[in-house]
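Here are some friendly notes to read alongside the model.

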Amino acid sequence: MDILGRVNLFSSDGTQCYIRTHPDNYNIFDMTDCTHPENPCGFTSWRNPIVRKKEGGQPIYFNYRAVDQPFWDSSRHHLKKIGRLTDTVMFRDLSNEMRLDEVAKYFGGLQSSGGESVVVCGSRNEVSNDPSLGSLFGLEIWNHDNSGAVLNGASVRENVFFAIALHAKDQLRQRVAWALSQIVVVVPDQVESGWIQSENFLHFYDTFVEHAFGSYRDILKEITYSPMMAENLSFLNSKSGGYLFETQGKYAFADENFSREIMQLFSIGLILLNDDGTEKVDENGIPIAAYTNDEIMSMARIFTGFVPPSLRGNTEEAMGIFRNALDETVIDPVYHDRFPKHDLTGGYIGDGYPLCVDLPDKMFLRKGAVYRLLGNTREPQAFEDSPYIYDDGSSRVMALDETSMLRKELCKDVNETGSCTYPMTVTLSSNLNCTGQECDADELRVIQVGSVFYEYWRPACVEQVFFNDAIAIKHGRGSIRTVI
């Protein structure tokens with residue numbers, strides 16, 4: 001046996017040599033959950049004891065220990081696999097817990113361009129914290145209460161549901177919401193925290209309560225961006241075939257689970273229908289299919305790049321689960337499929353929207369232009385620039401001077417001290433004249449007002465993937481990165 005735990009085995013005639021190795025030999029894992037005696041490979045008591053002891057000023061002990069195969073098999077699912085030995089792993093492909101400034105700095109990456117604070121929006125009906133009240137809801141639900149009754153996330157959300165369903169005054173709304181929840185379903189067994197947490201399921205159910213008398217389209221949009229649905233139907237962190245080929249050399253298709261279910265179960269069904277609900281048939285009397293596998297594959301490419309939202313406070317935590325399952329997922333443009341996707345009527349997704357190149361000049365200064373507050377971070381949410389072009393964030397940030405009319409609009413609301421109040425969203429009520437460097441810009445990304453940043457949200461438009469007389473920009477060893 002060598003130092004890697006490999007055992008050489010020979011056949012009876014001595015001509016064949018086999019090496020018996022651990023099934024995860026050469027696999028690299030994030031072993032943070034195995035570095036402390038209180039943390040036996042993922043079985044934590046709500047919070048990582050290393051963090052807890054550091055905050056309390058207590059000594060930290062590291063406990064690297066050998067484990068037998070049965071213990072490893074039972075613990076492995078708690079650990080995050082990073083890759084294989086000698087693999088090249090992109091920083092953005094790491095789990096949320098690993099994408100830290102310390103990790104980037106250790107491997108020679110860039111420091112975070114974030115500041116001291118960022119904007120965090122609460123979930124539906126969430127009550128904000130009042131620091132003056134103290135920690136009033138430090139409640140742990142675990143195993144059994146004194147009466148021996150089982151207490152877990154499932155029982156908590158059932159109690160909340162029945163209390164509202166039986167006693168709420170808006171009974172019609174509650175019944176419609178219940179009916180909708182039987183159509184658009186999240187299965188607890190398909191979600192990591194399915195039988196532990198309650199808040200995420202209750203928040204998902206509130207989608208149907210809120211839109212019970214509204215538009216079904218709004219429901220479909222919300223559940224599409226829900227991290228619960230993304231995990232349930234396996235398109236969370238789905239990557240485009242182009243990304244997998246460029247980074248890993250793999251030929252793969254986007255996950256088709258959600259694209260199939262949103263058509264078959266959540267909306268149009270398998271067969272085209274007439275206005276009276278009867279099935280449409282062809283000249284031979286055969287029902288006409290609403291879609292084919294080609295449409296499923298095209299729609300699947302739409303749902304690539306949906307990644308979990310960042311972790312934040314004021315949410316329910318669960319043992320060994322570090323995920324924000326309340327806020328909307330975020331589309332990562334690097335993972336998202338950039339190529340055209342055809343719809344069910346012979347056209348393309350995006351038909352009816354103007355081409356981005358046809359938008360009026362200085363659209364960012366025209367009436368109706370929208371700016372959203374980023375806080376102290378300069379990282380944009382609506383745009384993604386190639387890291388091969390910008391090695392830092394300075395190229396896409398414009399600092400507005402005191403004479404700028406746009407700055408005056410973004411700093412229009414001031415408090416009694418004369419300081420900007422920085423509203424969450426600013427919509428221009430009239431056209432503005434450009435000032436200084438604004439006059440030379442074709443488009444804005446991030447705008448700096450003092451120490452705070454805003455992002456310009458361009459109106460919805462279509463960027464063409466293929467066009468005439470393109471110029472290829474090459475990087476490194478000649479691989480094409482982008483086209484202008």
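**Notes on the predicted model**

1. Helices H5 and H6 are oblique to each other, where angles under 35 degrees count as roughly parallel, over 145 as roughly antiparallel, 65 to 115 as roughly perpendicular and the rest as oblique. In this predicted model, the axes of H5 (residues 171-181) and H6 (residues 199-210) come within 8 Å and cross at roughly 120 degrees. Axes here are lines fitted to C-alpha atoms, for helices over the stretch in contact, with angles from 0 to 180 degrees between N-to-C directions. The crossing of H5 and H6 is right-handed; that is, the near helix is turned clockwise from the far one by less than a right angle, anticlockwise being left-handed.

2. Which residues of H5 meet H6? On the H5 side they are Arg173, Gln174, Ala177, Trp178, Leu180 and Ser181, and on the H6 side Tyr205, Phe208, Val209 and Glu210 (contact means heavy atoms within 4.5 Å). These residues divide into six nonpolar, two polar and two charged. In that count, Ala, Val, Leu, Ile, Met, Phe, Trp, Tyr, Cys and Pro are nonpolar, Asp, Glu, Lys and Arg are charged, and the others, Gly among them, are polar.

3. A word on conventions. Residues are numbered from 1 along each chain as its sequence is written, and side-chain values use heavy atoms, leaving out hydrogens and water. As this is a predicted model, local features need pLDDT of at least 70 and side-chain atom pairs count only at pLDDT 80 or more, while totals for chains, interfaces and linings use all residues.

4. Please keep the confidence in view. The chain averages a pLDDT (the predictor's confidence in each residue, from 0 to 100) of 77, and 67% of the residues score at least 70. Over residues 1-5 the pLDDT is below 50, and this stretch has five contacts in the model beyond near neighbours in sequence. Residues 111-116 also stay under 50, with 11 contacts beyond four places in sequence.

5. For the overall picture, the chain has 12 helices and 13 strands; helices (H or I, at least four residues) and strands (E, at least two) are DSSP runs, numbered from the N terminus. Of its 484 residues, 32% count as buried (under 20% relative accessible area, with exposed over 50% and partly exposed in between, using a 1.4 Å probe and protein chains only). Among contacts between residues at least 6 apart in sequence, 67% join residues at least 24 apart.

6. Two backbone angles are worth a look, because most residues other than glycine have a negative phi. Ser234, in the loop between H8 (227-232) and H9 (241-248), has a positive phi near 65 degrees and is partly exposed at 33% relative accessibility. Lys362, in the loop between strands S6 (330-331) and S7 (370-375), has a positive phi of about 55 degrees and is buried at 15%.

7. Is Ser238 buried or exposed? Ser238 sits in the loop between H8 and H9 and is buried, with a relative accessible area of 8%. Beyond residues up to four places away in sequence, Ser238 touches Ala254, Asp255, Phe303, Thr304, Gly305, Phe306 and Tyr335.

8. Tyr251, in the loop between H9 and H10, is exposed at 76% relative accessibility. Its C-alpha atom is separated by 6.5 Å from that of Gly241, 10 residues apart along the chain.

9. In H11 (residues 293-302), the buried residues are Glu295, Ile296, Ser298, Met299 and Ala300. Their cover includes helix H10 (257-264).
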